[in-house]
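My notes follow in the order in which I went through them.

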Amino acid sequence: MNTLIKAGQILGRGLEQAACRIELKRVGGDGMFWQLQGGPLNTGLWCPKQDWKKLVLAMTDIPDPVNLSSELLPCVSAAMLEGEASWLLDAVEPMPSACGLLPEIYPVLTLTHAEVGDITCVLINWPQDQWQSIVTDWSPFAGSSANLSLSLVAGFALQTSSSPQLPAVGEVFG
């Protein structure tokens, strides 16, 4: 949670530079994952399945990414990250793998491609100091960000289970 608070302090409502925007958003589902080179396991970049499918179709004219040959995977990955996100291209493994992502709030990059439109890329467990140094000089996002509803827990309650029992949004815990 502390990492998320620190990220929120850095990003505010979001930052942007040219065709790239970074903000905190709730995302999850099926997608593709690129492991951070030399990083801890499960640290890297994730892209939703529908965005990956849209990108593969635009770049190769292949409608189903399952039919994409493994030799083309690094090329499509490079096309996704070229331009404003080229720092990611050098940081991740060239071969992605299918991966499900639990719906949570993450630092999310939105890359706008002329041929494809917006592609969402999620920084998973990415060291904050690495991406923070890159986005420090970006401009505040001029558009509107998504509103997030969060539970606020204040006070003390004896924790008897291994996972916290948090109230739903708007519910009083007591």
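I began with Ala-18, which is found in the loop between strand S1 (15-17) and S2; helices (H or I, at least four residues) and strands (E, at least two) are DSSP runs, numbered from the N terminus. The model is a predicted one, in which local features need pLDDT of at least 70 and side-chain atom pairs count only at pLDDT 80 or more, while totals for chains, interfaces and linings use all residues. Residues are numbered from 1 along each chain as its sequence is written, and side-chain values use heavy atoms, with hydrogens and water left out.

**Positive phi.** The phi of Ala-18 is near 50 degrees, a positive value in a residue other than glycine. I noted Ala-18 as exposed because its relative accessibility is 69%; the classes are buried under 20% relative accessible area, exposed over 50% and partly exposed in between (1.4 Å probe, protein chains only). I then turned to Asp-61 in the loop between H2 and H3, which is not a glycine either and has a positive phi of about 65 degrees. Asp-61 also counts as exposed, at 66% relative accessibility. Just after H3, I found a positive phi of about 85 degrees at Gly-83.

**Strand S3.** Which strands pair with S3? S2 and S3 run antiparallel and are joined by five bridges, and S3 also pairs with S5 in the antiparallel sense, over three bridges; pairing requires that DSSP finds at least two bridges between two strands. Gly-44 in S3 stands opposite Gln-35, and Gly-44 also stands opposite Ile-124 in S5. Five of the five residues of S3 are buried, so I recorded this strand as largely enclosed by the rest of the structure.

In the loop between S2 and S3 I looked up Thr-43, which is buried at 4% relative accessibility. Leaving aside residues up to four places away in sequence, Thr-43 touches Phe-33, Trp-34, Gln-35, Leu-36, Ile-124, Asn-125, Trp-126 and Pro-127, where contact means heavy atoms within 4.5 Å.

**Nonpolar cores.** A nonpolar core is a set of buried Ala, Val, Leu, Ile, Met, Phe, Trp, Tyr and Cys residues joined through side-chain atoms within 4.5 Å. The largest has 36 residues, of which Leu-45, Trp-52, Met-80, Leu-109 and Trp-126 touch the most other members. Strand S2 (residues 20-35) gives the largest share of this core, five residues. A second, separate core has eight residues, among them Val-27 and Trp-46.

I listed the contacts of Trp-52, which include Met-32, Trp-34, Cys-47, Leu-68, Leu-73, Val-76 and Pro-96, not counting residues up to four places away in sequence. Leu-73 and Val-76 are among the buried residues of helix H3 (residues 73-81), as are Ser-77, Ala-79, Met-80 and Leu-81. What do the buried residues of H3 pack against? They pack against S2, strand S3 (44-48), helix H2 (49-60), helix H4 (86-89), strand S4 (97-113) and strand S5 (117-124).

**Cysteines.** With a disulfide taken as a pair of cysteine sulfur atoms within 2.5 Å, I counted zero disulfides. The closest cysteine sulfur to that of Cys-20 is in Cys-121, at 8.2 Å, which is too far for a bond. Cys-20 is buried at 2% relative accessibility, whereas Cys-99, at 26%, counts as partly exposed.
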